[in-house]
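Let's take a walk through the charged side chains of this protein. Have the structure open and follow along pair by pair.

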Amino acid sequence: MRYHYEIGFAAKSFISWKLVSLSVVAQLHTVHVRPELTTLLEMTDPVVVVTGDSGTGKSSLLAAHQAESSRGTVVAPPPVTCAFDSGALQVVIMDGLVSGLTTSIADRTMWRSIQHRLKNASTEMAAEVGKSLAQAVTQEVMALVKARVGEHAGEGIATFVKTLRQDTTNDLRRDLQSRSDANVVKLLVRLCDEVAAALGRDMVLAIDECQRLTDDDQRALASLSIKPPKRARFVLAWSSAVHDALGGLTRLRETTCSEVIVGGLSSTDVGTMLSRAGVSRRHAEQVHFLSGGFPLIVEGLIGQLRSGGNLDDYTPPTAFVRSLEDALARLPREANVVARQLSIFALPPSESTLIAYLGLTATQWGVLRQSLERENILSVERNGQLWFHESRRAHLWNHVLSEPERFEIGQPAYSALLAQYRDNITASAGLMVPIAQVAQFADESQSADPQLARILDLTPAELAVLASVIELELTPMGDDNIRWTPPETALIYAHNVFGADRGAALDALPLLLDQGFLETMDRPANVNADPDVVVKVSADPADECNIVLSGRVQDVLGKAVIPRLTDRIVREHFEAVRLESTLVISNPGKSDALDLIRHTLDYPLYRFNPLARTVSPMLALWIDYGGNPISVAGIFNKDVERQKAKKAAMAVDEMSYGRRVKTVRTFEDQKSMIPSLRLFRAVYFATGRPVETNRSGDWLMINEGPPLSIREYAHRQITLLNLLRSRVGEIEKEIYALHELRGAAVAQAGDDTFHFVELRGSTRVVEMTSEQVEMLAEDDVPFRFARLEHLLALRPGEMTQKINVRVQSAGLIDDPAVAVLKDLWETAREYNKHQPRHRIKMKKAILTQLLREAHIRDTTLARTLSEQLTIGGERGHRPQHALRVAVHPGNGHDIPPGVVYTQPIGSPTDVQVQFLPRSSQPGDLKELYALAFGEDPHDELFGDAAHATIAGLLGFAADEIELVP
């Protein structure tokens, strides 16, 4: 069985800075057993000392050890804590012994055995302790037992207490708790042994805060380790942060007693503590760094987060940082100066950088480093070497050093880190944040380069926009000399990826232009309303401003900026796509399949083969990069090359720049056209009303009655799209962009103008305010979509897709569902334009199967639509239709292929297809049907030439299929 404990810092009522709210402690319960606890439980040594810095969780480790040990046959009372008084050691041993006795159920016989053993022990120890003192110790122990158990302690213990003389020993008993006496400690240890023997169980006493003991008591502990008890065991907690008690700890270590050193929690355990406290695990890395994994500091940081505070504003307990100040005071002057000079670095630079920065020889630095480690100033392992605990370092840098000291140290420290970075750029990416943090104290460098000073003054929103422009930078055809970024895309990206406030991001862009971080670029082929922008910070990885900017983005926003992100991801993880294709196009964000196909048409030399009069196949990839989408389209010469690239792309699931890269889904074109009319057929089956075209060729259905409100109009459209999502084929789902949820923001301006804004990632319908409508009505408003998303206060995951304005003096009298289907029809027709026609063999078995599947598909969808949506004023179940189809294959001379069909009331699964022999010669459609089915039709007949009729029955337009004999 696995037990779970809270391995945190135990609260102690008499030390104010260790007080922890019980409600917080309950939620900080650590679910993973620390390795130190496992080690401690496995040890059977008579004396074990548990050491560690302040706040590492030694107290909780003792509590967990006792709780687990008591589950077995061992008597393991809760830990007892030493006071600062003389005689504290014998007090805590006595307290532990009494707790052990009161928690051990003993009957009359057992108490008689305990009585006998304690008397014998007192008698045997009388020579060393004195008879009266030995008796006083025994009386005090049993009096405390009786006080804890109560007056109804049981006949056995009551009889035992009465046998003890209490008149002459009262003064001695009072004296037990006021002065140290090594002999009393020996007697108490012997009593522990005797009680354990009487109970037939080992006894483990846990004593906390042993560094508080007087020198005499600490010596008594060392003697205890030299001459250990037989059945009693002692687990001692000792803080290595208390300098004055290190002599006692050294003495104890020299007795060769066992030692368990407690360090900080792992990052995983810190994340678990955060989760238990209801705090997001995304803070785990920073909390672990600031705390060093020390539970005391972790709990304080959690409290800071839960109260809505900033982690950087957390103040550690006074006693925790006071030990640093005391240690500094003990250092020689030279070592004190070095500690101050090093406190600017949150992480240790390389050894060579440190030596050069301090102006020391390796030997001199080695001597000084030992002094800092000995005083526990360098105590936490960072990058393979001991360094400051971050809370203590920050206290030294921010509160102990004066401002002139910080700026005196800042410039040489900045120059040293910059030189280390430039010496090995590839291996020094982790130095960007430290360099950016130190740069604010580098006055000389800021004066020499005004852009560096401006970078240090950038707000989080300005950093987010600038980082977005860098990540989204496009280089057409891989030409590094031509690059730009669409600014509106960057504004939306700054919010979605870097977490910038939408309004602040909008304000940031013109400021970045004014400060020279960006400049506009006019492109002849630019179809965007706003001019593209270009970054004016050097892209040279060794450039000082580039380094500091990258570090500031990562430090302030918590994410590294990756120049030309989409290009890098494709190059580094989708090499097979690049090698097998003739052209790769990548876009940041989630592009629709049809948009990617449109992009491929911008490169006709790659997309079309004019000699063979063919269209080259394309492959679309949707990639998830750490929660951020990337869309890719590749053009290939042959399908076999496309399949190789697809197989390799689907296998991508790996880490890149600290984030996971994974292919979410793919799409291949050049398979077949899709049935552009089949949704209209479903509407006919659902309503009994045909969808017609007007003079302009637009599909529509006019409804009787008053016009719909714009909200109801949009709601019906969203409902239809949601119904279709799971009821169309995979190619249709991709081309109609039904993988994403659809919603709408709508508004009516005046009596005849209607604004529709398509939303993605949501199914809600939002009515826009007058302010939002006014913005939409302006022709020259910059960054229209970004401003609209800000004004709409979109929820996480929502984004705008397109804006549509309709002017209808009669109001919304057209059917909203048919209006959606018209848009889908136009989409299908655009897609089909460069796709191969759907090939259909004029064989009875094949054609029958195709007609059956299409009929069942369309009538099933129709039933769903009639049940869940009002279309054309109709809703509810309508009669179901069967299908009868008569086919004449034509004779190749005077009779062309023809098809006639009827749709009688019946089960949609009742589909019958009859072929007439080629030699038959029906005079008209009615005779064709009669010859095929042996009777005249009872329902309305439809039909014409085979090509158009079969296309219609399958949901295609006539030019979307090819009949094959």
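Glutamate 473 is buried, because its relative accessible area is 7% and the cut-off for buried is under 20%. Arginine 483, at 24%, counts as partly exposed. Keep in mind that this is a predicted model.

Why would such partners meet at all? Side chains of opposite charge can pair when their charged atoms come close.

Now move to aspartate 202 and arginine 231, another salt bridge, with 3.2 Å from N to O. This one links distant parts of the chain, 29 residues apart: aspartate 202 is in the loop between helix H9 (182-199) and strand E3 (203-208), while arginine 231 is in the loop between helix H10 (215-226) and strand E4 (232-239). Aspartate 202 is partly exposed at 30% relative accessibility, and arginine 231 is partly exposed with 30% as well.

Further along, arginine 711 pairs with glutamate 767 at 3.6 Å, N to O. Arginine 711 belongs to helix H34 and glutamate 767 to strand E21, so the bridge ties together parts that are 56 residues apart in sequence.

Salt bridges can also join up: Lys590, Asp592, Glu740, Arg742, Glu758, Arg760 and Lys802 are linked in a network of them. Across the whole structure, a search finds 49 salt bridges.

Glutamate 778 lies in the loop between helices H36 and H37.

Technical notes: Residues are numbered from 1 along each chain as its sequence is written. This is a predicted model: local features need pLDDT of at least 70, side-chain atom pairs count only at pLDDT 80 or more; totals for chains, interfaces and linings use all residues. Side-chain values use heavy atoms; hydrogens and water are left out. Helices (H or I, at least four residues) and strands (E, at least two) are DSSP runs, numbered from the N terminus. A salt bridge is a side-chain nitrogen of Lys or Arg within 4 Å of a carboxyl oxygen of Asp or Glu. Buried means under 20% relative accessible area, exposed over 50%, partly exposed in between (1.4 Å probe, protein chains only).
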